[in-house]
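Trainee: I am new to this one. Could you walk me through it, one question at a time?

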Amino acid sequence: MDCIICNRIEMIEKGTNKHFVCEMQSGYVVLGDSQFYKGYTLLLSKQHCSELHQLDQETKLLFLKEMSVVAEAVYNVFQPIKLNQELLGNRDAHLHWHIFPRHTDDPNIHNPVWIIDKEIRNHTVLEDQELEERKELLKREIELLMVT
Ligand SMILES: [Zn+2]
């Protein structure tokens, strides 16, 4: 399989994806590999397709709803001044939501995150313990929001 997102999902199913947070009905929640944006989270669609309208109606609405729940959980846990949610997939054509918390110390708050040099934004890798703590907080908050 040459889809990086399908590969990541396969790792989740095998229990070898250390960024995995929790499973939703429509997808999987993972923390971003780099935490330059503290709390950067993704929701990966269970279905491999590139556009929202390629999902059946029910799955599409569920995917949108669950994205908003995950985004709210990210907001509550990481307390940014603004959230950015993006569905791009120009390079990896498998539906995945990017949820970026933008904090007060953000070096370029008025612009999309992608404007920051890749070498900078892709290299904030957490120690395992801190990663686990962030995942646990987020997972708990998502569970809380799902029952209310
Ligand atoms: Zn895929």
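**Helix, sheet and core**

Mentor: Start with the outward side of a helix. The exposed residues Ile4, Asn7, Glu13 and Lys14 sit on the face of H1 turned away from its buried side. Keep in mind that this is a predicted model.

Trainee: Which residues of H1 are buried?

Mentor: A residue counts as buried when 20 or more other C-beta atoms lie within 10 Å of its own. In H1, the buried ones are Ile5, Arg8 and Ile9.

Trainee: Within what arc do the buried residues of H1 fall, seen down its axis?

Mentor: An α-helix has 3.6 residues a turn, so residues three or four places apart point the same way. The buried residues of H1 line one face of the helix, because they fall within an arc of 100°.

Trainee: Which strands do the buried residues of H1 pack against?

Mentor: Take Leu44 as an example: its contacts beyond four places in sequence include Ile5, Arg8 and Ile9. Those three are the buried residues of H1. The strands that the buried residues of H1 pack against are S2, S3 and S5.

Trainee: Which strands stand at the edges of the sheet?

Mentor: The sheet is open, and its five strands run in the order S1-S2-S3-S5-S4 with antiparallel pairing. An edge strand has a single partner, so one side of it is left without a neighbour in the sheet. The edge strands are S1 (20-23) and S4 (82-87).

Trainee: In S5, which residue is the bridge partner of Glu86?

Mentor: S4 and S5 (residues 96-102) pair in the antiparallel sense over six bridges. In S5, the partner of Glu86 is His98.

Trainee: Is Ser45 buried or exposed?

Mentor: Ser45 has its place in strand S3. Beyond four places in sequence, its contacts include Phe63, His94 and Leu95. The cut-off for burial is 20 or more other C-beta atoms within 10 Å. Ser45 has 27 within that distance, so Ser45 is buried.

Trainee: What distance separates the C-alpha atoms of Ser45 and Cys6?

Mentor: Along the chain, Ser45 and Cys6 are 39 residues apart. Their C-alpha atoms are separated by 9.3 Å.

Trainee: Which element gives the most to the largest nonpolar core?

Mentor: That core has 26 residues, and Val29, Val30, Leu43, Leu44, Val70 and Val74 touch the most other members. The elements that give two or more residues are H1, S1, S2, S3, H2 (57-78), S5 and H4. With seven residues, the one that gives the most is H2.

Note on methods: Residues are numbered from 1 along each chain as its sequence is written. This is a predicted model: local features need pLDDT of at least 70, side-chain atom pairs count only at pLDDT 80 or more; totals for chains, interfaces and linings use all residues. Two strands pair if DSSP finds at least two bridges between them. Helices (H or I, at least four residues) and strands (E, at least two) are DSSP runs, numbered from the N terminus. A residue is buried if 20 or more other C-beta atoms lie within 10 Å of its own, exposed if 12 or fewer, and partly exposed in between; C-beta atoms are placed from the backbone. Two residues are in contact if their C-beta atoms, placed from the backbone, lie within 7 Å. A nonpolar core is a set of buried Ala, Val, Leu, Ile, Met, Phe, Trp, Tyr and Cys residues joined through C-beta atoms within 7 Å. The arc is that of the directions from the helix axis to the C-beta atoms.
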